Amino acid sequence: MFKEYDPIEDKMFNIIDDKGVVVNKKWMPKLSDEQIVKAYKDMLFARTADLQIVSYQRQGRIYTYPPNYGQEAIAGAVGAIMRDEDWLVPAFREMGAYLAKGVTLKEIFLYFMGYEDGSLFKGAKNILPMSVPIASQYLHAAGIGYEIKYNKKDQVVYAFVGDGGTSEGDFHEALNFAGVWNVPVVFIVQNNQYGISTPFKVQTASKNIAIKSVAYGIEGIKVDGNDYFAMYAAVENVTKLAKEGKGPFLIEAVTYRKGAHTTSDDPTKYRTKEEEEDWDKKDPLDRLRAFLIAKKLWTVKEEEKLVSQYKKEVDRQFEEAENYPAYPLDDAFQFLYEEMPDDLKKQKFEHEKFLQWKETRK
Amino acid sequence: MEGDKKMKIMNMVNALNDAFDIELKDDKNVVIYGEDVGVEGGVFRVTEGLQKKYGKERVFDSPLAESAIVGTAVGMAAAGLRPVVEMQFSGFAYPAFNQIISHAARMRNRSRGRYQTPIVIRMPYGGGINALEHHSESMEAIYGHMPGVKVVIPSTPHDAKGLMISAIESNDTVIFMEPKRIYRAIKQEVSEDKFSIPIGKANVISSGTDITVVAYGSMVREVQKAMVLAKEAGISVELIDLRSIYPIDRDTIAASVKKTGRIVTVTESPKSFGVASEITQIVNEEAFLNLEAPPARVTGFDTIVPLPKGEHHYLISPEKIFYEIEKTVKY
């Protein structure tokens with residue numbers, strides 16, 4: 001696969017075209033109809049939730065949120081392959097992977113409503129909390145990879161970053177350490193063409209991101225990130241190799257952030273309508289839906305029915321999150337150290353005394 | 001605590017090495033890595049011989065990148081290991097700052113207690129060794145200001161061993177700053193058994209009645225030299241070794257100042273926004289009415305530590321400590 005799609009020649013791996021027609025039979029993953037339908041449903045759920053969240057934010061019911069819109073196939077494919085025991089080291093734009101791990105929408109809502117409890121991920125094994133300092137989490141993935149190798153565990157780490165993150169030193173240090181240590185980490189870059197407003201060309205003089213793997217002595221591949229089958233085939237392949245001890249891998253998933261960077265961002269300032277329309281033709285859900293409809297596995301009517309069901313489910317979990325108990329003062333203090341140092345106890349005590357005084361003034 | 005006393009003369013390098021040996025033997029989750037710590041045993045030989053004894057999986061050389069050394073330790077620790085990593089000199093730790101403050105210090109908080117980061121980040125610090133630029137600074141206060149880490153600084157071989165064992169067994173991230181100037185300068189009998197010294201409790205090295213002097217790390221020895229001059233002048237000094245600047249032992253400082261009414265804090269770091277300023281405020285809060293003189297401090301300057309030919313201007317001499325002690329007592 002890596003020779004056939006050599007990043008030095010800037011080749012991109014894809015399986016279906018923009019109309020959902022298979023153009024690369026050789027690499028078409030062996031998936032049952034049920035698996036493909038499930039993958040589509042999962043992506044549809046993630047998209048429905050994502051669009052809802054943006055509207056909640058517009059209603060002032062949730063704080064800043066970074067939408068996933070247009071990038072669902074990448075997290076969808078990783079989510080379909082990742083097992084409970086594998087590790088997910090996320091950034092913040094791969095909702096489908098969080099959900100596949102067992103994170104609930106309610107938890108995602110809580111996080112963006114301002115509760116650290118949203119990072120508890122009660123039902124999900126082996127997932128780190130969201131990492132906001134760009135690319136810093138790539139090093140954690142390399143470290144977890146070391147632990148897996150050290151304890152001879154059957155696990156793989158999936159780590160996410162965006163194209164902007166590939167300019168950070170931590171990105172390069174992580175690939176270098178993981179390469180030297182030969183650890184089972186799949187580094188995934190969602191190249192959605194923009195780091196907030198900064199286009200890919202301003203980010204790097206490299207012709208693609210996958211090529212950066214060459215310098216670290218590891219394998220890399222550039223994949224059409226809006227092609228579910230290509231993403232699935234690539235992740236499946238590198239997962240198998242990583243488990244065999246063949247080291248870390250770099251996957252560049254080429255995609256487009258159809259939404260804004262976050263709900264505070266205005267993309268009309270830095271990109272054109274024409275560009276957006278060009279990428280609309282490559283939408284990952286449209287392509288997979290076209291494939292399913294051609295195979296008579298899906299209908300528009302079915303989709304309408306499902307979307308309205310999903311919306312209700314999203315609303316239900318959102319309302320649960322909205323009714324979450326108030327944030328107690330204790331929670332700001334109690335998790336810093338295993339045992340709270342006296343200084344912190346004193347600071348908390350003094351603040352409580354102030355609060356009591358405030359009560360008496362009412 | 002100290003058990004069967006099998007004593008051996010050790011310097012701080014030997015004592016730290018002994019602590020690692022004990023922890024590597026007792027806990028398979030302990031791994032040690034950093035630049036040149038494996039084959040060579042570190043530029044100061046603190047980890048010498050450990051790779052041979054415990055293998056390349058447990059004691060190893062990493063590529064040269066401080067951010068990655070700490071960042072990978074965060075991942076290892078979240079997955080269950082207990083990494084002990086070395087920053088070759090504290091002046092080279094700054095590339096790792098983001099990983100320390102943004103991740104190691106807050107992973108437990110961010111994950112509401114689900115993940116913890118039991119990492120020891122070792123870094124030789126301080127001046128007085130005729131070193132190149134960036135090799136002589138004392139920037140401990142920047143770590144003391146950081147919510148979520150502990151900052152330990154030993155002053156003797158015995159303390160170095162006991163505190164290192166506590167640091168490795170702590171489930172919090174510990175910044176362990178090693179006063180390289182006294183790595184080999186102080187030798188004492190240290191128990192070969194396993195013992196630990198709690199982090200956050202200061203040590204009253206000698207009790208006195210006229211003035212409290214607070215110090216830590218390499219400054220403790222300088223204060224002890226100044227105490228000879230003080231004794232000649234008839235001044236009785238109570239010397240407190242902080243052992244850790246965070247958590248800081250407010251109670252021991254307060255109790256001492258309530259008794260003596262006077263305090264001088266000695267640190268090798270820049271003067272402003274430092275540990276000495278913090279201690280002054282602790283005294284103001286806890287023992288203001290007991291004060292007979294303004295709390296004083298002997299520190300470095302808010303300058304860069306000069307290169308060796310000018311370093312004597314910056315370094316703190318016993319005379320300067322005594323000068324401040326006498327001034328405060330005569331106030």
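How many of the 13 residues of helix 3 of chain B are buried? In this predicted model, 13 of the 13 are buried, so helix 3 of chain B is largely enclosed by the rest of the structure. A residue counts as buried here if 20 or more other C-beta atoms lie within 10 Å of its own.

The length of this helix can be checked against its residue count. At 1.5 Å a residue, helix 3 of chain B should span 18 Å, and its end C-alpha atoms are 19 Å apart, which agrees. Just after the helix, Gly80(B) adopts a positive phi of about 120°.

Helix 3 of chain B also takes part in the contact between the two chains. That contact draws 35 residues from chain B and 31 residues from chain A. On the side of chain B that touches chain A, helix 3 (66-78), helix 4 (97-104) and helix 5 (107-110) each supply at least two residues. The largest share, nine residues, comes from helix 3 of chain B. By class, this side of chain B comprises 12 nonpolar, 16 polar and seven charged residues.

Along its principal axes, the C-alpha trace of chain A spans about 75 × 50 × 40 Å. Buried residues account for 46% of the 362 residues in chain A. Among contacts in chain A between residues at least 6 apart in sequence, 75% join residues at least 24 apart.

Methods. Residues numbered from 1 in each chain as written. Chains lettered and ligands numbered in written order. Predicted model: local features only at pLDDT ≥ 70, side-chain atom pairs only at ≥ 80, totals over all residues. Buried ≥ 20, exposed ≤ 12 C-beta atoms within 10 Å, placed from the backbone. Contact = placed C-beta atoms within 7 Å. Helix = DSSP H or I, 4+ residues; strand = E, 2+ residues; numbered from the N terminus. Nonpolar A, V, L, I, M, F, W, Y, C, P; charged D, E, K, R; others polar. Expected span 1.5 Å × (residues − 1).
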